[in-house]
Amino acid sequence: MARQERERENYRVKSICKQLIIMKKTIIFAALLTAFSSLFAQNPISPVGVYIADPSARVGKDGKMYVYGSLDEAPDHFCSNRHHVLSSANLETWTLHENSFVYGETLFAPDLIEKDGVYYLYYDTPNGNEYVATSSSPTGPFTGGVRIEGPQQIDPNIFIDDDSQAYYFWGQFSAKGAKMNPDMKTLDWSTYKDGLVTEAEHSFHEGSFVFKRGKYYYYTYADISRNGRPTSIGYAMSENPLGPYTYKGVIVDNAGCDPEVWNNHGSVVEFGGQWYVLYHRATHGSNSMRKACIEPIYFNEDGTIDEVEMTSQGAGGPLPAGQWTTGGSSCKLSGNVRIVLEGNREILARAQSGDRAEWKYLDFGEGYNRITVKARSEKGAKIRIRTSQTRRHGTVTGMVEVPAGGEWTLCSASVVPVVGAQKVLLEFYGDVDLDSFRFE
């Protein structure tokens, strides 16, 4: 456990230092940060109005993290015929590289690997065919797509071992894998194996992603062991890239991000000495319109991974409670309330009496005693504020009244002072939409 505790302590110290910097900036540039508060929001990492799912993360030669994924553009179907790329040097601010790859058919979840200065983008289409395109840049444009003969399913994944041998994985319900030839476009079928992980033995649904840490190989995937849906990122371990793999459990579960969420799909990567899991959360009360998210993870001495919760803070420490926190950064919803796009904002809409929304976590420092919300209601409504460090539903700290009229209004109320890092839970009474809130 000593190594795990060191990792936790190092990350805690980094988070404290990061928050001290943020607090200093907040004091000096308060007005500027209020206007651009979303700059510091960590989850989702997809920009407002951009719905990138199935995130596969890679660290480039320039030290940046690059995220490749599907692009959702409608609430009634998955994916589109385009791939965008996200990049970041610090996991706080992200750059969107649009239309890195455009194709004539719908594109499902992609993956990418670099070898000898060439970037190989692996992708698949609804007919089950899998392809590879190339570029001289991690952000494309990718061209010259050719079919990889043999694989006939979904979700390609590429892994290069320490000896430079590449492996190709794919499949649904039963995962397949094989060594890849040096051309990175054909497979060595003499090494082909089926059933690396299966639905029956490993709760495997789809979404293969293989990585290595120490002597262990980790097969991560959409795990269907909970909720009757593949909402989890599960994993299995082996000492050989082609197995056998032993099921170990769940890394993160997106159940509750939206009541209609169906699946999950992600990746695991080391960045700046810290390991992270990337995954997606659904919005709009749909299976799709999914947004990429990120959480730090921790390994035990035996190589197993602790399960982590969905948060609003993502890769950083708790978000400053004195900044505006958006409705779109809520990490858990219950009832009828949904995250939707309105203009250039992602808000919480259609909340009814008894609905709830959560944010994890906000940093209250030495204490705040007032809250302001930007909300609207046709007939008038109330929003109860709860905060908690440990209790499931938290302690009631205040109540805000939203006037009737249907116009966006700033509404304030006193709250019982709270300190430190807290979960914030809002309970809605009456029909109401929420844009954002902050404590003062």
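**Note on the strands of a predicted model**

1. From strand β10, Ala-166, Tyr-168 and Trp-170 point one way while Tyr-167 and Phe-169 point the other way, and all are buried, where buried means under 20% relative accessible area, exposed over 50% and partly exposed in between, with a 1.4 Å probe and protein chains only. The strand, residues 166–170, is accordingly described as mostly covered, with 5 of its 5 residues buried. Strands here are DSSP runs of E with at least two residues, numbered from the N terminus.

2. For orientation, this is a predicted model, in which local features need pLDDT of at least 70 and side-chain atom pairs count only at pLDDT 80 or more, whereas totals for chains, interfaces and linings use all residues. Residues are numbered from 1 along each chain as its sequence is written, and side-chain values use heavy atoms, with hydrogens and water left out.

3. On one side of the pairing of β10 stands strand β9 (residues 157–160), which runs antiparallel to β10 and is joined to it by 4 bridges; two strands count as paired if DSSP finds at least two bridges between them. Within this pair, Phe-159 stands opposite Tyr-167 of β10. The two strands form a hairpin with 5 residues between them, and in its turn Ser-164 has a positive phi of about 75°.

4. Strand β10 also pairs with strand β11 (residues 174–180), in the antiparallel sense and over 4 bridges, and here Tyr-168 stands opposite Ala-178 of β11. This hairpin has 3 residues between the strands, and Gly-171 takes a positive phi near 125°.

5. Strand β5 pairs with β6 (residues 118–124) over 5 bridges in the antiparallel sense, and the bridge partner of Asp-111 in β6 is Tyr-122.

6. A further open sheet of 4 strands has the order β13-β14-β15-β16, again with antiparallel pairing, and its edges are β13 (204–213) and β16 (246–253), each pairing on one side only. Its neighbouring strands are turned against each other by 25° on average, direction ignored. Between β13 and β14 (residues 216–223) there are 7 bridges in the antiparallel sense, and Glu-206 has Ala-222 of β14 as its bridge partner.

Conventions: Axes are lines fitted to C-alpha atoms, for helices over the stretch in contact, and angles run from 0 to 180 degrees between N-to-C directions.
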